[in-house]
Amino acid sequence: MKVLIIDDERAILETLEMFLGEKGYEVHTEEGGRKGLEALRSDPPDVVILDIRLPDIDGLEVLRRIR
């Protein structure tokens, strides 16, 4: 199962990537909403973990665009 994590804090990305990777998930991370949307278009994941407070596009707008 592919998981995309979109967050602007590197420590959170690294922690979740390590934890989920150890559980057998294929994890991809992106820092920021714009990069996250690009990743969604190029290689759609099964699950997205999305921060609401992002510096470029807030998480709610990213969610609207995903839908």
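This is a predicted model: local features need pLDDT of at least 70, side-chain atom pairs count only at pLDDT 80 or more; totals for chains, interfaces and linings use all residues.
View 1. A salt bridge requires a side-chain nitrogen of Lys or Arg within 4 Å of a carboxyl oxygen. The backbone of R53 does approach D51: its nitrogen lies 3.3 Å from a polar atom of the D51 side chain.

**View 2. The surroundings of D51.** D51 sits in the loop between β3 and α3 (59-66). Neighbours within four places in sequence are left aside here. Beyond them, D51 is in contact with I6, D7, D8 and G59. E38 is 13 residues from D51 in sequence. In space, the C-alpha atoms of D51 and E38 are 16 Å apart.

View 3. E30 lies in β2. E30 is buried, yet has no salt bridge. What joins the side chains of E30 and H28? A polar contact of 2.7 Å links the two.

**View 4. The contacts of E30.** Neighbours within four places in sequence are again set aside. E30 then touches L4, I5, I6 and D7, among other residues. Its contacts also include L13, K35, G36 and A39.

**View 5. The open sheet.** 3 strands make up an open sheet, in the order β2-β1-β3. Their pairing is parallel. β2 (26-30) and β3 (47-50) stand at the edges with a single partner strand each, so one side of each has no neighbour in the sheet. Direction ignored, neighbouring strands are turned by 20° against each other on average.

**View 6. The pairing of β1 with β2.** Strand β1 covers residues 2-6. How many bridges join β1 to β2? The count is 5 bridges, and the two strands run parallel. Within this pairing, I5 stands opposite T29 of β2.

**View 7. Two helices and the sheet.** Helix α1 (residues 10-22) packs on the sheet and touches β1, β2 and β3. The direction of α1 makes about 175° with that of β2. Helix α2 (residues 33-42) lies across β1, β2 and β3. Relative to β1, α2 runs at about 160°.

Notes: Residues are numbered from 1 along each chain as its sequence is written. Side-chain values use heavy atoms; hydrogens and water are left out. Two strands pair if DSSP finds at least two bridges between them. Helices (H or I, at least four residues) and strands (E, at least two) are DSSP runs, numbered from the N terminus. Axes are lines fitted to C-alpha atoms, for helices over the stretch in contact, and angles run from 0 to 180 degrees between N-to-C directions. Contact means heavy atoms within 4.5 Å. A polar contact is a pair of N or O atoms within 3.5 Å; within protein, one must be able to donate a hydrogen and the other to accept it, and residues adjacent in sequence count only if both atoms are side-chain atoms. Buried means under 20% relative accessible area, exposed over 50%, partly exposed in between (1.4 Å probe, protein chains only). Lys and Arg count as positive and Asp and Glu as negative; His and the chain ends are not counted.
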